[in-house]
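Biologist: Can you take me through this one? I would like to start with the domains.

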Number of protein chains: 2
Amino acid sequence: MTDAVTLIQAKRDGRRLADDDIRWLFGAYADNQVADEQMSALLMAIYFQGLDSRELRTWTAAMIDSGDRLDLSELGKPTVDKHSTGGVGDKVSLILAPLVAACGAAVPQLSGRGLGHTGGTLDKLEAIPGFRSSLTPRETIDILKAAGCVIAAAGPGLAPADRRLYALRDVTGTVESIPLIASSIMSKKIAEGTDALVLDVKVGTGAFMKSYDRAKELAETMVALGAEHNVTTAALLTSMDTPLGRAVGNGVEVEESVAALQGNGPDDLMQVTIALAEQMLALAGLEKDPREAIASGAAYAAYQRMIRAQGGDPDAPLPQARHTKELSASQDGWLTRLDALQVGVAAWRLGAGRERKEDPVSAAAGIICLAKPGDRVAKGQPVLELRTDDAARFDAAMAALDGAMTIGEHQPQAPASLVIEHVVG
Amino acid sequence: MTDAVTLIQAKRDGRRLADDDIRWLFGAYADNQVADEQMSALLMAIYFQGLDSRELRTWTAAMIDSGDRLDLSELGKPTVDKHSTGGVGDKVSLILAPLVAACGAAVPQLSGRGLGHTGGTLDKLEAIPGFRSSLTPRETIDILKAAGCVIAAAGPGLAPADRRLYALRDVTGTVESIPLIASSIMSKKIAEGTDALVLDVKVGTGAFMKSYDRAKELAETMVALGAEHNVTTAALLTSMDTPLGRAVGNGVEVEESVAALQGNGPDDLMQVTIALAEQMLALAGLEKDPREAIASGAAYAAYQRMIRAQGGDPDAPLPQARHTKELSASQDGWLTRLDALQVGVAAWRLGAGRERKEDPVSAAAGIICLAKPGDRVAKGQPVLELRTDDAARFDAAMAALDGAMTIGEHQPQAPASLVIEHVVG
C-alpha cells in the first residue's frame, strides 16, 4: 500500500518504482484517487529521472490492462502493423497498409489524429467523401477479413489510460520523454492485437526526434517493449529533414498515395515505403516482393477495397482548395534544402492541421513541393504551391516559410538512403 | 504573451523565465487559465532546475502582490518578526514575541499551522482556553498596539497565491525545493508588513533541512529575498538533532514557555531564544538586554497582555492528558542521543500533530523529556513520559521511538552552542 506523494517523491529522488506501486497508481488514477496534478508532477519527475526497463514494462502493461486487447486470431493469417512517430508529408500508412495486405498479411492499423505540424493518417483519409474512421471492434475485424487491412481510430476501449495521460502530457510539458513516448505508442499497438509491428522512427528537423541518438534510444526502447509483450517488433530510423514526397496536407496526400499505389510515387516516398513493407513482410514470415504487388495492381485493389469497406468512394474527386499561391526561387541554382518543419508548420497554418484536438481540419489545404532538394531551379520558378480555402491564412503560412529553402551554386550530393538504420530485437 | 506549456517547457529545459512571464503565470493561475496540473508540472520542473535570484525575486513579488500587504506604520515603533523553519519542541515564538515586545519593538507574528512531526505555534497557543488565532487585519493592529505583540493566523488576504501553491506542493511531492520554500516563507512575512525579520533555520534530524549546506543555502536565499523587498533580514542556523527544551506537544509547550518567561526555562531553549531575541533587537535598533526583560517580569507581563487581548486566560489550567506511559533507560550510562525526529513523530502519533490540515489536534497530548543528552541515567529510570487522551495511540508512538535514544558508557562532550551560524545580508 502506497500513496501518490510517496511515489512522486521516490521517482523525483531517482528511486525505482515497484511493480505493485505502478499498478496501484494506474488503478488509483482510474478511480480519481490520484489527481491530475499529482500525475503531472510524477510525469515531470519521470521526464527527469526516467523509467528503467522493468518499470517501463510494468507501466506499459498497466496502460494496456486499463482497457481491452483485441483478439485477431480469427483472421487466420499473420497480422502486422506499422507506426510512424510522425513526419511532414508522411502518407506512408495509406500506401503501406493495402500494399502489405496485398502480399497476404492482415494490417490492423489503429491510429491517432494529428496534432501540430505533423499530419494525422485519419485526417488524410477523411478527405475522401464518405470515409469512416470510427469503427467498432467487430467492424474492425470484419473489414480486416474483407479487405486485408483497415485504418481506423483507436477506440475508447483500447488503452484508455494512455488517452488520458496523453491529454495530460500535452498540456503539462511532459511529452518529450522517451519512456513516456514509448509506453504511449506501444500500449496502443499491443492492445490492438497485432502479432508484429514495424516502427518508423523519424529523425530530423521535421521529426519529433531531432537527433539520431534520441531516435535510436526511442527505437530500441520500443523494440524491447514489443518483445516483452510478445509482439515481434522492429524499427527503421528514417530521415525527416525535408518533406516526404511532394504533397503535404490531407487530400493532396491521398492523391499522392493513390499515385504511389498505381506505380507513380516519387522516389523518396517509395524508398521508405518499400523498406517498411519489406520489414513488415519479413516479420510476418511472408516471402513476397512488395514492388510486384504494386506493379500487378493488387496493392491498389486492396486500397479500393479498404476505402469502400469503410464507407468511402475511392473514385470520388477530392476537395480542391479555392485559393493557391506560389513561393518561387529567389535566384538561379540548386535547391539544397527545403525544411520539413517549416513546410509542415505552413501547411498546418493553411488549415491542414489542428491546434487543439477539437479543431476541424481542411481536406483541401496543403502544400505541393514543386521542386525538392537536389533539383535545379531558376530564379522566379515556383518551388512551393500553397493551397487553402481561406486566403487570409496565406500570410501566416508564408511567414512560417521564411528561410525554409536554401539555393546553392553547386549541385548537392545525391542524398544517402532515407533509411538510416534498422533496429531489430 | 505566453502560455503555460511554453513556460513549463522553458523551465524544464533549464531556461530562465522572464519577469513578465512569471507575472502572467500568477495572474492566469488566479483566473484558472492555468490549471493545477500545469502548475504542479512547473513546480516539479523548478524542483529540478531551480530559480535564479532574479526569477525568485519576481516569483516572490507576484505572490505578495496576489493579496494585501499590511501597513504597520501607525504603530509608531520598529516592527520585527521571527520565523522558524520548524523543529521538535520549538516553542520559541511563544517566548520570543512577548520578550522582544517587552524590549520596545512590535512583533507582528502571523503563523501557519503545523503539518507532520513539527508542531504549529497556533496549535500550541490554542491549548489555552479561549485563545483566538483568527483575527482581522484591524484586530491584529489593535492588539499589536495594546500588547506589543500578536501571534495569529495569516489571514486569507495575505499572499493567497502562496496558500494555493503550498496546498498543491503538499500533494505533488514538490515541497523540498529551496526557491519554493524561500518564496513561500518570505511572501507571507513580507506581506505581513514587518520592517525586520529574523529567521531560525533549523538543521538536523528533526528539521526540514537535514544538512548544513541546504540550510545555509535556504538561509542565504531568504536573507537576500528580504533585502530585495526592503525587509531587513537575518538568519540563525540552529541545531535540531534533539528536542528543544523538555516539552513536545501543545499544552505542555505552553507550560514550558510560561516557565521560560518566568525565568525557569531549560538552558538549550533559552540559548536559542536569547540569541534570536538579540538578533531581533539589533535589527530593530533597540539596545536592550532580553535577559533583563525576563528577570524584571516585563516579558511575562507582555505575554499575559497578548493572551488576554486574543481572548485567552493566561492563568487558566491547561488540559491534562488522561493517560501517561513512560519509556525508561535500558541500561546505566550517559544519554548520548535522543532523536528529535523520532520524538516528534511519536508526539504527533499521540495526537499533538495532524496528518491532514483539516484534522483536529489534542491540546493535552505530547512527550516530556525527563532526561536530555548529556544526562546520566540509570537502568529503569524514565527518560520519556508519553501523554495522550487516547491510550490506543501508545503502541504507534512507542514504535516510533524504537531506537530513538542511545545510552553510552562515557559522558558525552558538552554540546557546542546550538546556534551554528549567523547569516546576515
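**Domains and their interface**

Modeller: The C-alpha centres of domain 2 and domain 3 of chain A are 25 Å apart. This is a predicted model, where local features need pLDDT of at least 70, side-chain atom pairs count only at pLDDT 80 or more, and totals for chains, interfaces and linings use all residues. Residues are numbered from 1 along each chain as its sequence is written, and side-chain values use heavy atoms, with hydrogens and water left out.

Biologist: Where do the domain bounds of chain A fall?

Modeller: Domain 1 is 4-50, domain 2 is 73-158 + 173-316 and domain 3 is 323-408; the bounds come from an automatic or database domain assignment.

Biologist: How many residues are in contact between domain 2 and domain 3 of chain A?

Modeller: 26 residues of domain 2 of chain A touch 28 of domain 3 of chain A, contact being heavy atoms within 4.5 Å.

Biologist: How many salt bridges across that interface?

Modeller: Three, by a rule that asks for a side-chain nitrogen of Lys or Arg within 4 Å of a carboxyl oxygen of Asp or Glu.

Biologist: Switching to the sheet: what is the strand order in chain A?

Modeller: β10-β8-β12, an open antiparallel sheet of three strands. Strands are DSSP runs of E, at least two residues, numbered from the N terminus, and two strands pair if DSSP finds at least two bridges between them.

Biologist: Which strands stand at the edges?

Modeller: β10 (376-377) and β12 (405-408) of chain A; each has a single partner strand, so one side of each lacks a neighbour in the sheet.

Biologist: And what is the bridge partner of W334(A) in β10(A)?

Modeller: R376(A).

Definitions and conventions
Chains are lettered from A and ligands numbered from 1 in the order in which they are written. Helices (H or I, at least four residues) and strands (E, at least two) are DSSP runs, numbered from the N terminus.
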